[in-house]
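Please read them with the structure open.

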Amino acid sequence: MTSALNVHWQSQLFAAYALQEVLDKPIDGETPQSRLKQLGMMTVLYMMHQSHEKLTLSNIVKITGLTRNAVAESVDPLVERGILTETIVKNSMGRGTARQFEFCPEIFDRLASGSEQRKRGT
């Protein structure tokens with residue numbers, strides 16, 4: 001069973017990872033405002049992930065209150081960076097398509113290794 005402390009450390013490691021990936025590795029033509037929006041979006045997406053919510057545009061819109069375009073503007077660079085993967089799935093009504101996102105598994109591997117290093121004190 002995961003302890004509350006481990007969850008706290010994983011959240012802290014994720015925040016540090018997000019800062020490093022977005023602030024230290026800007027995309028050409030990207031503004032500082034765009035990078036800050038991406039950090040905020042990563043926080044929302046991580047919380048959704050932890051709650052086992054599907055990371056679809058519709059769900060993100062519902063949770064954030066942003067427009068679909070505003071969500072896409074923050075999510076698309078995260079896909080470009082390789083932080084998220086995107087798949088096209090059936091929408092909730094089963095009639096159309098929806099964009100669904102997932103964090104790349106390597107992120108959680110890095111977080112796990114960071115957590116192990118913290119336990120060893122290295």
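1. Terms first: two strands are taken to pair if DSSP finds at least two bridges between them. Helices (H or I, at least four residues) and strands (E, at least two) are DSSP runs, numbered from the N terminus. On that basis β2 and β3 form a hairpin with six residues between them, and in its turn Gly-94 has a positive phi of about 75°.

2. Basis of the note. This is a predicted model, in which local features need pLDDT of at least 70 and side-chain atom pairs count only at pLDDT 80 or more, while totals for chains, interfaces and linings use all residues. Residues are numbered from 1 along each chain as its sequence is written, and side-chain values use heavy atoms, with hydrogens and water left out.

3. Overall make-up. The chain has five helices and three strands, which follow the pattern α-α-β-α-α-β-β-α along the sequence. Of its 122 residues, 33% count as buried (buried is under 20% relative accessible area, exposed over 50%, partly exposed in between, with a 1.4 Å probe and protein chains only). Taking contact as heavy atoms within 4.5 Å, 51% of the contacts between residues at least 6 apart in sequence join residues at least 24 apart.

4. The sheet. Its three strands are arranged in the order β1-β3-β2, the sheet is open and the pairing is antiparallel. The edge strands, each pairing on one side only, are β1 (55–56) and β2 (84–90). Seven antiparallel bridges join β2 to β3 (residues 97–103), whereas β1 and β3 are paired over two bridges, also in the antiparallel sense. As for individual partners, Thr-85 has Glu-102 in β3 as its bridge partner, and Thr-56 stands opposite Gln-100 in β3.

5. Helix against sheet. Which strands does helix α2 touch? Helix α2 (residues 32–50) packs on the sheet with contacts to β1, β2 and β3. The direction of α2 makes about 90° with that of β3; such angles run from 0 to 180 degrees between N-to-C directions, and axes are lines fitted to C-alpha atoms, for helices over the stretch in contact.

6. Val-89. This residue is found in strand β2 and stands opposite Ala-98 in β3. Its relative accessibility is 25%, so Val-89 counts as partly exposed. Leaving aside residues up to four places away in sequence, Val-89 touches Gly-96, Thr-97, Ala-98 and Gln-100. Phe-101 is 12 residues from Val-89 in sequence, with a C-alpha to C-alpha distance of 9.9 Å.

7. Aromatic pairs. Rings of Phe, Tyr and Trp (its six-membered ring) pair if their centres lie within 6.5 Å; planes under 30 degrees apart count as stacked, over 60 as edge-to-face and the rest as tilted. The count by this rule is four pairs. Phe-14 and Tyr-46 are stacked, at 4.1 Å centre to centre with 15° between the planes. Phe-14 lies in helix α1 (residues 4–23) and Tyr-46 in helix α2, so this pair ties together parts 32 residues apart in sequence. Both Phe-14 and Tyr-46 are buried.

8. Phe-14 and Phe-103. These two rings form an edge-to-face pair, 5.5 Å centre to centre and 85° between the planes. The pair links helix α1, which holds Phe-14, with strand β3, which holds Phe-103, across 89 residues. Phe-14 is buried at 3% relative accessible area, and Phe-103 is buried at 5%. Ring pairs link Phe-14, Tyr-17, Tyr-46, Phe-103 and Phe-108 into a cluster.

9. α2 and α3. The axes of α2 and helix α3 (residues 57–64) come within 11 Å and cross at roughly 105°. That makes the two helices roughly perpendicular (under 35 degrees is roughly parallel, over 145 roughly antiparallel, 65 to 115 roughly perpendicular and the rest oblique). Met-41, Val-44, Leu-45 and Met-48 of α2 meet Asn-59, Ile-60, Ile-63 and Thr-64 of α3. This contact has six nonpolar, two polar and no charged residues, where Ala, Val, Leu, Ile, Met, Phe, Trp, Tyr, Cys and Pro count as nonpolar, Asp, Glu, Lys and Arg as charged, and the others, Gly among them, as polar.

10. α3 and α4. Here the axes of α3 and helix α4 (residues 68–80) come within 9 Å, crossing at roughly 110°, and α3 is roughly perpendicular to α4. On the α3 side the residues are Leu-57, Ser-58, Ile-60, Val-61 and Thr-64, which meet Arg-68, Val-71, Ala-72 and Val-75 in α4. By class, this contact has six nonpolar residues, two polar and one charged.
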